[in-house]
Structures are given as structure tokens and as C-alpha cells.
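Subject: A structure for you to look at

Hello,

Here is the structure I promised to hand over. Please open it next to this email, and I will walk you through what turned up.

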Amino acid sequence: MLSVTSIPAFNDNYIWLLKNDDNHCVVVDPGDAAPVLETLKNEGLALDGILVTHHHNDHIGGIGTLLEHFPNLTIYGPTTERFPTVNQPLKHGDSFTLFNAEFTAFQVPGHTLDHIAYYAEGILFCGDTLFSGGCGRLFEGTPKQMHQSLTHLASLPDNTLVFCAHEYTLSNLKFAQAVEPNNTALNDYVVEAQAVRAKNIPTLPSSIGREKRINPFLRAHIDSVKAAVSQGATDSTDTETFAALRRWKDEF
């Protein structure tokens with residue numbers, strides 16, 4: 001059996017830990033080695049590999065130190081030259097087996113141009129592309145690219161668990177409510193998420209089904225979202241609506 005737990009890092013990062021019944025594990029986006037090493041020691045785990053989604057330092061900064069401790073790590077990641085430690089480069093659609101689970105890599109440009117996500121049945125590691133209630137900033141990609149990336153992720157089964165890389169949920173939901181104040185599913189989720197965070201429990205994982213109901217960036221095709229960004233008009237394209245949402249969120 002494959003289990004997924006979070007290792008908090010920095011102010012709001014989550015390094016995801018996947019482990020099997022034999023006390024072997026991999027981690028996703030280890031921006032800081034220290035909490036990973038502490039977790040491995042406390043739980044008696046052997047680290048076999050790393051999944052990398054993109055090149056920002058809060059996602060890869062700990063890899064060098066982890067390699068010093070575990071020099072034979074299998075490191076999955078994008079194919080571009082920005083990832084010198086990656087020894088298993090992945091293109092869109094490439095698959096690999098991890099702890100008897102088959103994972104597929106998706107290219108999801110937008111936050112960065114070479115960002116990838118990892119999907120196995122029921123599980124998605126999406127880095128900084130999709131957040132609960134939001135999406136990543138467009139540091140390198142275009143609105144069209146990010147909208148296409150998110151549309152692809154939204155096409156996954158509704159029960160897919162969404163393991164984002166940051167605890168941004170409450171701030172994202174404030175923006176989502178500004179876009180759709182009458183979205184009942186959203187308003188109910190705000191109450192739930194606030195209660196969870198009051199106990200210092202992660203709001204993650206979310207699910208694709210939930211995000212399709214509450215996340216404005218997955219709802220650019222919905223008339224209420226279109227109207228919110230265009231003075232009541234609903235004739236803008238989905239990509240135009242998405243671009244307007246992202247600009248609004250950047251200034252929110």
C-alpha cells in the first residue's frame with residue numbers, strides 16, 4: 001500500500017512523502033533537506049527517490065544535501081538543463097512505476113515553462129500549478145498555457161486527490177468568494193477550511209471534484225465567473241476570462 005503524508009517546510013510549503021509497507025519512500029519537491037532528514041530518522045525510512053515538479057529553490061533547494069546522504073537516489077523531473085541532478089528525465093505522457101503504482105508525467109506550463117505534474121490513479125502531485133482555490137502565478141508561461149494546463153488537470157477523475165505544494169487555501173478562498181460570492185459549495189468549504197486551519201491541520205489534499213466546484217481558475221467557462229471579470233458580460237472566451245482572473249488575483 002502507498003501512503004502520502006506531508007512534511008511542512010519554510011512558512012507554507014509541503015514536501016510530500018510517499019512510502020510503502022517496507023519503509024521505503026520518496027519525496028516530492030524537497031526545498032529543504034532538514035525536515036526530510038528528520039522525518040526519515042524519526043520514522044526509520046529509507047529514501048529511494050525524489051519527484052521534482054519545477055526549478056524554484058523552495059522545491060529543489062534540499063536535493064544536494066539529500067544526495068550527500070543518499071548518493072544513489074532516483075530523481076525524476078523535467079528534461080531541461082535547469083535540472084542537473086535529474087537522472088530520470090520525463091516528457092509529457094512518460095510513465096514509470098513507483099511502489100507498484102504507475103505514475104504518468106504531465107507537462108503543465110504556466111507557472112514555469114518546464115513545470116511537470118505527476119499522476120497515478122487517485123493521486124496528483126501538481127507543484128505550483130494548481131492550488132486549492134487558486135493556481136500559480138505566471139512567472140514564465142502565458143495565460144493560454146496555464147489555462148490549458150489546468151483544463152487538463154480538471155479532466156482527471158473527480159476523486160483524484162490533489163497534493164499541492166503550498167498551504168495557500170484560505171487566502172485563495174477569499175479571492176474565490178470575491179469572484180463568486182453566491183457559490184454555496186465555495187462558502188461551505190470556507191467554513192470547513194477555516195475550522196481545519198484553526199487546528200493547524202493541512203487543508204490538503206483537496207480533490208479535482210472539489211476544485212471544479214470552488215476554484216475560479218477551473219471555472220472560467222462558468223457564466224457567473226465570466227460576468228465577475230467583465231462587468232456582467234458573458235461573451236468572453238474561457239482563456240480571456242482566465243487571464244482576467246489571474247490579473248485580478250495578482251492585485252487582490
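A word on naming comes before anything else: helices (H or I, at least four residues) and strands (E, at least two) are DSSP runs, numbered from the N terminus. Please keep in mind that this is a predicted model, where local features need pLDDT of at least 70 and side-chain atom pairs count only at pLDDT 80 or more, while totals for chains, interfaces and linings use all residues. Residues are numbered from 1 along each chain as its sequence is written, and side-chain values use heavy atoms, with hydrogens and water left out.

Let us begin with T169, which lies in helix α5. Buried means under 20% relative accessible area, exposed over 50%, and partly exposed in between (1.4 Å probe, protein chains only). With a relative accessibility of 1%, T169 is buried. Its side chain has polar contacts (a pair of N or O atoms within 3.5 Å; within protein, one must be able to donate a hydrogen and the other to accept it, and residues adjacent in sequence count only if both atoms are side-chain atoms). One, of 2.6 Å, is with the side chain of T203, and another, of 3.3 Å, is with the side chain of E167. Contact in general means heavy atoms within 4.5 Å. Not counting residues up to four places away in sequence, T169 touches S132, Y189, A193, T203 and L204.

Next come the aromatic rings. Rings of Phe, Tyr and Trp (its six-membered ring) pair if their centres lie within 6.5 Å; planes under 30 degrees apart count as stacked, over 60 as edge-to-face and the rest as tilted. The structure has 13 aromatic pairs. In one of them, the ring centres of F131 and Y168 are 4.9 Å apart and the planes stand at 70°, so this pair is edge-to-face. F131 sits in strand β11 (residues 130-131) and Y168 in the loop between β13 (161-164) and α5 (169-179), so the pair ties together parts 37 residues apart in sequence. F131 is buried at 4% relative accessible area, whereas Y168 is partly exposed at 27%.

The rings of F175 and F217 have centres 5.9 Å apart and planes at 20°, so they are stacked. This pair also links distant parts of the chain, with F175 in helix α5 and F217 in the loop between α7 (208-214) and α8 (223-229), 42 residues apart. F175 is buried at 0% relative accessibility, and F217 is buried at 2%. Elsewhere, Y14, W16, Y76, F96, F103, Y118, F125 and F163 form one aromatic cluster.

Finally, a site from the record. The unreviewed UniProt entry has a "binding site" annotation that covers H54, H56, H111 and D128. These residues span 75 residues in sequence, yet no two of their C-alpha atoms are more than 10.1 Å apart, so they gather at one spot. UniProt positions are given in the numbering used here, feature names are shortened, and annotations may be inferred rather than shown by experiment.

H54 lies in the loop between β4 (46-51) and α2 (57-60), and H56 lies in the loop between β4 and α2. H54 is buried at 0% relative accessible area, and H56 is buried at 19%. Their side chains make a polar contact of 3.5 Å. Leaving aside neighbours within four places in sequence, H56 is in contact with H111, T112 and F139.

Enjoy exploring!
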